[in-house]
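Me: Got a model open here and I'd like to talk it through. Can you take my questions as they come?

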Amino acid sequence: MQKAHDIFEAKLSWKGVKKLEEAQQKFNTLLETEQWAYNPITKYYKKEEQVIEYSFSQLPSPNSTLQFQIGNVYYPVKKFEVVKVLLQQMILCNDIENLEIHDIDLKEIEKEFSDFLHEQSLGYNKGEWHTLKQ
């Protein structure tokens, strides 16, 4: 069995959005705008061999918070730059009110992720949630 590494989980919420379906649609639109292609068979978005798992869950909160995975056991994140560009767009997006991310067993891209967090004036704590926007 292959061990998962170089994967992220992220959570985001949209300003004024209360329904999960609307939050999903806004997320889909954001990914498509950033040229991530959706594959309905595998149920994930893909760009330059990087993947975002399409399975969403609604977390217990007053708004519709989406939790998603960047990378998976078959497609670990190898080009952090592709993910970094997406995260920067999410940080800049006025409609996103909260964005958090944590790593799952980083190996190849740990330094790049740590450097990105330092660019955001955040420290890196392995495996902990990091708030990129609130």
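Me: What classes of residue make up the lining of the largest cavity?
Reply: By class, four are nonpolar, two are charged and none is polar. Here Ala, Val, Leu, Ile, Met, Phe, Trp, Tyr, Cys and Pro count as nonpolar, Asp, Glu, Lys and Arg as charged, and the others, Gly among them, as polar. One caution: this is a predicted model, where local features need pLDDT of at least 70 and side-chain atom pairs count only at pLDDT 80 or more, while totals for chains, interfaces and linings use all residues. Residues are numbered from 1 along each chain as its sequence is written, and side-chain values use heavy atoms, with hydrogens and water left out.

Me: Which residues line that cavity?
Reply: Glu 34, Trp 36, Lys 47, Val 82, Val 85 and Leu 86. The largest share, three residues, comes from α2. A cavity is a set of points on a 1 Å grid over the protein atoms alone where a 1.4 Å probe fits but cannot get out, and lining residues have an atom within 4 Å of a point. Helices (H or I, at least four residues) and strands (E, at least two) are DSSP runs, numbered from the N terminus.

Me: What volume does it have?
Reply: About 30 Å³, and the structure holds one cavity of 30 Å³ or more. The volume is the space filled by probe spheres set on the points, with grid points joined across faces, edges and corners.

Me: OK, on to the core. Which residues touch the most other members?
Reply: In the largest nonpolar core, which has 35 residues, those are Phe 8, Trp 14, Phe 27, Ile 52, Met 90 and Phe 113. At least two core residues come from each of β1 (7-14), α1 (20-33), β5 (65-70), α2 (80-92), β6 (96-104) and α3 (110-119). The largest share, seven residues, is from α2. A nonpolar core means buried Ala, Val, Leu, Ile, Met, Phe, Trp, Tyr and Cys residues joined through side-chain atoms within 4.5 Å. Buried is under 20% relative accessible area, exposed is over 50%, and partly exposed is in between (1.4 Å probe, protein chains only).

Me: What does Met 90 touch?
Reply: Leaving out residues up to four places away in sequence, Met 90 touches Leu 12, Phe 27, Leu 30, Phe 68, Ile 96, Leu 99 and Lys 133. Contact means heavy atoms within 4.5 Å.

Me: Why is β1 described as largely enclosed?
Reply: Because seven of its eight residues are buried. β1 runs antiparallel to β6, joined by eight bridges, and Leu 12 stands opposite Leu 99 there. β1 also pairs with β5 in the antiparallel sense over six bridges, with Phe 8 opposite Ile 70. Strands pair if DSSP finds at least two bridges between them.

Me: Last one: where does Thr 131 lie?
Reply: In strand β7, residues 130-133. Thr 131 is partly exposed at 30% relative accessibility. Beyond residues up to four places away in sequence, Thr 131 touches Asn 98, Leu 99, Glu 100 and Leu 122.

Conventions
On a 1 Å grid over the protein atoms alone, a cavity is a set of points where a 1.4 Å probe fits but cannot get out, and a pocket is an open set with protein on both sides within 12 Å along at least five of seven lines; lining residues have an atom within 4 Å of a point.
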